[in-house]
Amino acid sequence: MAKQGAASSMLALALLMGTLAAIIPTGVQSIGVCYGVNGNGLPSAREVVQLYRSKGLNLMRIYFPDHNALQALSGTGIGLIMDLPTSDLATIASNPNAAATWVRDHVRAFPGVSFRYIAVGNEVAGWDTGNILPAMRNIDTALRNAGLGNIKVSTAVQSGVTQGFPPSQGSFSQGHMGPIAQYLQSTGAPLLANIYPYFSYLYNQAQIDINYALFNSPGTVVQDGGNAYQNLFDALVDTMYSALEKAGAWNVNIVVSESGWPSAGGVGASTWNALTYNQNLINHVRKGTPKRPRAIETYIFAMFNEDKKPGAETERHFGLFNPDKSPAYNINFWARDAQLWYRNKTSTSTYVL
C-alpha cells in the first residue's frame, strides 16, 4: 500500500508539474542579446547576468574574453558566444601555442560557463581576412586538445560578404569566404552572420520600403521562384544561405550573431521603430526563412545603449536597456505573450520615421 500511495503521489506531482509547465511562460529559446561594455555607468557583470535571467534570456554574446562576465555567467547555463578579437587574429593565426594559451586562459579557466561558439574575428576586413581561417584552425585544434571539442569555432560576418538578388542568386563576393564555408562544413559549425535590415534600408531608401525592413509589409514584396519574401531579414539570411550553397557548404547553418535597430541618432531611428523591429524579430525567428523554415538562433544587438561607441550617432542607441537597467522601450521577451502583446500595441499606433 505504501508503494501504491507513493506511486499515486508521484503521478499527482507529475500531473501538477505538467500543468505548471503549460501555464508558466518560458524564456525565448532562440533569442539572445549581445552584451557590450562601451558605455559609461553600466551595471556590474553580475547585475547584467541577473537582468538576463530575470528576462528569461538564456543566450549571450560578448566581444572579448571579459573575465568579469565569465565569472558572473559561471553555473547559470546561459549559452555564450565569445569573440576572439580581430586584434588577436595575426598572433593566433601564426602561432598554435598562442592559441593553446588563449584557450587555457579564457575557456578552460571557466569550466562553469556554457560556451557555444568562439567567434574568430567580427566583420573582419582588409588584409586581416587572410588570418581568419588559420586562426580558426588553431583555436579548433586547441579546443580539441583541451577536451573541449564540443565548442564550435566560427567567424562573424556582415551582409557585405555576399552579392546577388533575389536571394536565390546570392554568392560570396569575397574570396576568403569560400574556404571558410568549406571548413565550417567539415567541422559542423555554423556561420555567424550579423544581419541588419536597418543598414540595408538606410543606404537604399529609394528601393527599400521601411515596412519591408520592419517586418510590417502586408504581403509578398519579393517573389523568388517558389519562395515569397515579406520581410528583408529573411531575404538577407537566405542570400547568405545561397552563398553557402554555391560554396559547397550545403549543411552549414546560420546563427544570426547580431541584429537590431537604433532608437535615435539618424534616419529611421526612433524608439517606435526600434521596438517594432526587435519585437517582430523575437516573434519571427522561430519560423525560420522561406529557404530554411526552422528556428534561427538570433542575438539582438544590444543589451545597453553604449555612449562610448565610435562611429555614427546611431551606434550609441541600439540598446534595449539604459545603463541604469531601465528599459529603453518595453519589449516583451516571453514567447507565449509576445504576439498578442505586440498586436494590441500596434492596433492604435503609427510609425515614427
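Predicted model: local features only at pLDDT ≥ 70, side-chain atom pairs only at ≥ 80, totals over all residues.
When I say that two residues touch, or are in contact, I mean that they have heavy atoms within 4.5 Å of each other. Keep that in mind, and let's start with Pro43. Leaving out residues up to four places away in sequence, Pro43 touches Tyr35, Val48, Phe304, Pro323 and Lys325.

Is Pro43 buried or exposed? Its relative accessible area is 10%, and because anything under 20% counts as buried, Pro43 is buried. Along the chain, Pro43 and Lys325 are 282 residues apart, yet their C-alpha atoms are separated by 7.5 Å.

If you take the contacts with a separation of 6 or more, 70% of them are between residues 24 or more positions apart. The protein has 353 residues, and 52% of those count as buried. As for secondary structure, there are 12 helices and 12 strands.

Okay, helices. Let's do helix 5, residues 96-108. Which of its residues are buried? They are Ala98, Ala99, Trp102, Val103, His106 and Val107. Those residues cover an arc of only 135° around the axis, so they lie on the same side of helix 5. Here's the general idea behind that: an α-helix has 3.6 residues a turn, so residues three or four places apart point the same way. On the face turned away from the buried side of helix 5, you find the exposed residues Asn97 and Arg108. And what do the buried residues of helix 5 pack against? Helix 3 (67-73), strand 3 (79-84), helix 4 (89-94), strand 4 (114-122) and helix 6.

Helix 6 brings me to a pair of helices. In general, two packed helices are described by the angle between their axes and the distance between the axes. Here the pair is helix 6, residues 129-145, and helix 7, residues 177-187: their axes come within 10 Å and cross at roughly 20°. Angles under 35 degrees count as roughly parallel, so helix 6 is roughly parallel to helix 7. The crossing of these two, helix 6 and helix 7, is left-handed.

Who makes the contact? From helix 6 it's Ile132, Leu133, Met136, Arg137 and Asp140, and from helix 7 it's Pro179, Ile180, Tyr183, Leu184 and Thr187. Sort the residues of that contact by type and you get seven nonpolar, one polar and two charged.

Stay on helix 7 for a moment. Its buried residues are Met177, Gly178, Ile180, Ala181, Tyr183 and Leu184. They pack against helix 6, but also against strand 5 (152-158), strand 7, strand 8 (191-194) and helix 10 (232-246).

A quick stop in helix 8, residues 197-203, where you'll find Ser200. With a relative accessible area of 18%, Ser200 is buried. Ignoring its neighbours within four places in sequence, Ser200 is in contact with Ile208, Leu232 and Leu236.

Last topic: the backbone. Most residues other than glycine have a negative phi, and most peptide bonds are trans. So let's look at some exceptions. What is phi for Glu123? It's near 50°, a positive value in a residue that isn't glycine. Glu123 is in the loop between strand 4 and helix 6, and at 35% relative accessibility it counts as partly exposed.

Then Lys325 again, the partner of Pro43. Lys325 isn't a glycine either, but its phi is positive, about 75°. You'll find Lys325 in the loop between strand 12 and helix 12. At 31% relative accessibility, Lys325 counts as partly exposed.

And the peptide bonds? The one from Phe165 to Pro166 is cis, with omega near 0°; Pro166 lies in the loop between strand 6 (162-163) and strand 7 (171-172). The bond from Phe301 to Ala302 is cis too, with omega near 10°. Ala302 lies in the loop between strand 12 (298-300) and helix 12 (335-346).

Notes
Residues numbered from 1 in each chain as written. Heavy atoms only, no water. Axes fitted to C-alpha atoms, helices over the stretch in contact; angles between N-to-C directions. Helix = DSSP H or I, 4+ residues; strand = E, 2+ residues; numbered from the N terminus. Parallel < 35°, antiparallel > 145°, perpendicular 65-115°, else oblique. Left-handed = near helix turned anticlockwise from the far one by under 90°. Nonpolar A, V, L, I, M, F, W, Y, C, P; charged D, E, K, R; others polar. Buried < 20%, exposed > 50% of the residue type's maximum accessible area, 1.4 Å probe, protein only. Arc of directions from axis to C-beta.
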